[in-house]
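This report concerns a two-chain assembly and describes its interface, its annotated spans and the confidence of the coordinates. Please consult the sequence and the structure shown below while reading.

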Amino acid sequence: MRAPARSADEPLLRVEDLHVEFRTGGGTVEALNAVDLWIDAGETVAVVGESGSGKSVTALAVLGLLGNGRVSGGRITWDGKDITGASNRDMRTVRGNDISVIFQDPMTSLDPLFTIGHQLVEAYRIHHDVSKREARERAVELLDLVGIPEPAAKFKAYPHQLSGGQRQRVMIAGALACDPRLLIADEPTTALDVTVEAQVLALIRDLQERTGVGLMLITHDMGVVAEMADRVVVFYAGQVVETGTADEILDRPQHPYTRALLEAIPRRDTPRDQEMPAIPGAVPALDEMPTGCRFVTRCTEAAPECESAQTLRDVAGRQVRCWRPDEDHGVLAPMAEVAG
Amino acid sequence: MLLYAGRRLTYGLLVLALVATLVFLIIRLIPGDAVRLQMADAPGVTQAQIDQRTAELGLDEPILSQFGHFVGGLAQGDLGTSFDDERPVTTKILERLPATLELGLLAILFGVLLGVPFGMLSAIRHHSVVDNVMRFLAVIGMSVPNFWLALLLITFLALWFGWSPPLVYASPAENLGQNLVHMLLPAIALGAATMASIARMLRSSLLEVLGSNFVRTIRSRGASERVVVLKHAGRSSMIPVFTVLGLQVGHILGGTVILERIFAIPGMGSLIFEAVGQRDYPVILGCVIFYGAIFILVNVVVDLLYAVIDPRIRYKGASA
């Protein structure tokens, strides 16, 4: 565990006004539009939003792994250093070493042709100039750390010989191999069974407590948010629409989209004959984005003011991209308690 | 793994038996017969002499009984004797085999050594000018018949540089330099299609693998592109390339027949060519069985390589 060597006002990771665009057959589309977020050392920040809202793109942009996309504006600062548009060579010293990722699908995220031990040894040796034997010891230690039974024997196993949950544990082991300071978990449990999901989340939380690693948890499961997050960043259509502490967001959501998301969680006391609440419509396609508020097409409270572009405003100690709430009359109708 | 290998080999032998039977029947459907071709030009040949020769060659027997002799000999590893010079077919083939193997291996070498880097470059720089040029050339390489390419090479080298390949064949033992110079053009002509097929297949399979999740994982851990492409993606994209290579061996073997003829290389290809001209059934059969065996063996090896490359195939094979 490393001592946090930073001033109090300088977060581990800061993303400011980030714009990302992708080249497609019909020109470029903007996947991120002015994304702001920060993560402090050791803190858990949940990034929530529907599929395609830009959560994963933000993670990939931070790592410089956008493929045929590119950062077209804004700034990414890691530990006080500007890493926006850094060369692949420079980013390689950051990837896996300072910032690690766990991806969504453990079934396809490991190389099927190499043993898991080989892949862990490789992950460690990318950033550590040690002998194969030392790296091997580290790999077995990591397998033990993530709760793989008989780690020395499982070292020789191929990914296809492991269950989905075990593979995700191996992914976590690989991500933690070099003691990163930030772990990005991109929907780490979406592809897993519900029972395994709880185990993997418990493991991540346990490892975070032990290593003090910062966690950017990308999810669309508000239950997971309630359980894990210190702060929450809500994405909609490539923008951050609301950010605040987990308690504030879950108890008193300000943005109509956040409220709609929370209302969409089925609850135990919901009558069985009642239809599941859902947000009507779909996220507008990237090339037909409304010029004003991007949520206007689905918002139940849309008004003429929504036609103008909305900016993130400080409201009641957090940031909201909506003109409606203001500090004077405080918060909108409080939400009922969310079932954890 | 052993079981897997055993099963592949058994299938291979079955296919070979089928090939031998088919060829045995098909060559007897070719018009003209060996005896008449042998004696046609000799003046004053009597019907009795023809009948005697036919009986000597065993061609007067019913086809089933001929087939019986053939299978009986084959079971003992005896491919019979040539109608032409009465020497054992096996001896004739073994004399000619080295030149053909050399030509075939050179063609494969040419195809692999150029096809693999071209395919990789095409995938890494996909949709670039380099990629587009290579894809265009690959289509041409696959479509142009090898003998035509050989003739073009001969013609243009002669026209532009006044250079022609040697007319007299020398074995590598006699004169390695002259031998390699002699083999150069036919090997290029034969290997061009292999190169093109490998480049195309590797490009598409590498592109697919480079976009896969596990490659993203390896990149996310800070691995260099060299490790990503050569070690991880490269290994995963090899399977379809080996498949193509195994099939290309068939094209190359077929190509030797005409190319050895064009370049006067005394290999099995020219042996077959001569044998067909003379309806020398045992030699034709022997050569085809040999070619078939090489092709089948190569493809069994390719099947085994799948298992070496991919543990999932290895373990499935062991448990089945």
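How much area is buried between chain B and chain A?

## Interface area

The area buried between chain B and chain A is about 2300 Å², and carbon and sulfur atoms account for 58% of this. Buried area here is the accessible area (1.4 Å probe) that two parts lose on being put together, summed over both. In chain B, the residues that lose the most area to chain A are B:Arg216, B:Ser220 and B:Arg221, together 30% of what that side buries.

The model is predicted, so that local features need pLDDT of at least 70 and side-chain atom pairs count only at pLDDT 80 or more, while totals for chains, interfaces and linings use all residues. Residues are numbered from 1 along each chain as its sequence is written, chains are lettered from A and ligands numbered from 1 in the order in which they are written, and side-chain values use heavy atoms, with hydrogens and water left out.

## Contacts across the interface

On the side of chain B, 23 residues are in contact (heavy atoms within 4.5 Å) with 30 residues of chain A. The rule finds one salt bridge across this interface, a salt bridge being a side-chain nitrogen of Lys or Arg within 4 Å of a carboxyl oxygen of Asp or Glu. The side chains of A:Glu122 and B:Lys231 meet in a salt bridge, at 2.8 Å from N to O. Side chains of opposite charge can pair when their charged atoms come close.

Nine residue pairs, both residues at pLDDT 80 or more, are in polar contact across the interface of chain B and chain A. A polar contact is a pair of N or O atoms within 3.5 Å; within protein, one must be able to donate a hydrogen and the other to accept it, and residues adjacent in sequence count only if both atoms are side-chain atoms. H9, helix H10 (225-236) and H14 of chain B each supply at least two residues of the side that touches chain A. H9(B) gives the most, with seven residues. The residues of this side divide into seven nonpolar (Ala, Val, Leu, Ile, Met, Phe, Trp, Tyr, Cys and Pro), seven polar (the others, Gly among them) and nine charged (Asp, Glu, Lys and Arg).

## Chain B and its annotations

Chain B has 14 helices and zero strands; helices (H or I, at least four residues) and strands (E, at least two) are DSSP runs, numbered from the N terminus. The C-alpha atoms of chain B fill a box of roughly 85 × 60 × 35 Å, taken along the principal axes.

An unreviewed UniProt entry annotates "transmembrane region" at several spans of chain B, including residues 103-124 and 136-163. Residues 103-124 of chain B are 100% helix and 0% strand, with end C-alpha atoms 32 Å apart. Residues 136-163 of chain B are 86% helix and 0% strand, and their end C-alpha atoms lie 28 Å apart. UniProt also places the feature "domain: ABC transmembrane type-1" (unreviewed entry) at residues 97-306 of chain B; that span is 83% helix and 0% strand.

## Salt bridges within the model

Over all chains, the count comes to 29 salt bridges. One of them joins the side chains of A:Arg138 and A:Glu141 (2.8 Å, N to O). Both residues lie in helix H4 (residues 132-145) of chain A, three residues apart, about one turn of the helix.

## Confidence

Chain B averages a pLDDT (the predictor's confidence in each residue, from 0 to 100) of 90, and 98% of its residues score at least 70. Confidence in chain B is lowest in helix H14 (residues 311-319), at a mean of 69, and highest in helix H9 (residues 213-220), at 96.

The mean pLDDT of chain A is 88, with 93% of its residues at 70 or more. In chain A, pLDDT stays under 50 over residues 1-7 and over residues 328-340. Where pLDDT is low, the predicted coordinates should not be read in detail.

Key
UniProt positions renumbered as here; feature names shortened; annotations may be inferred.
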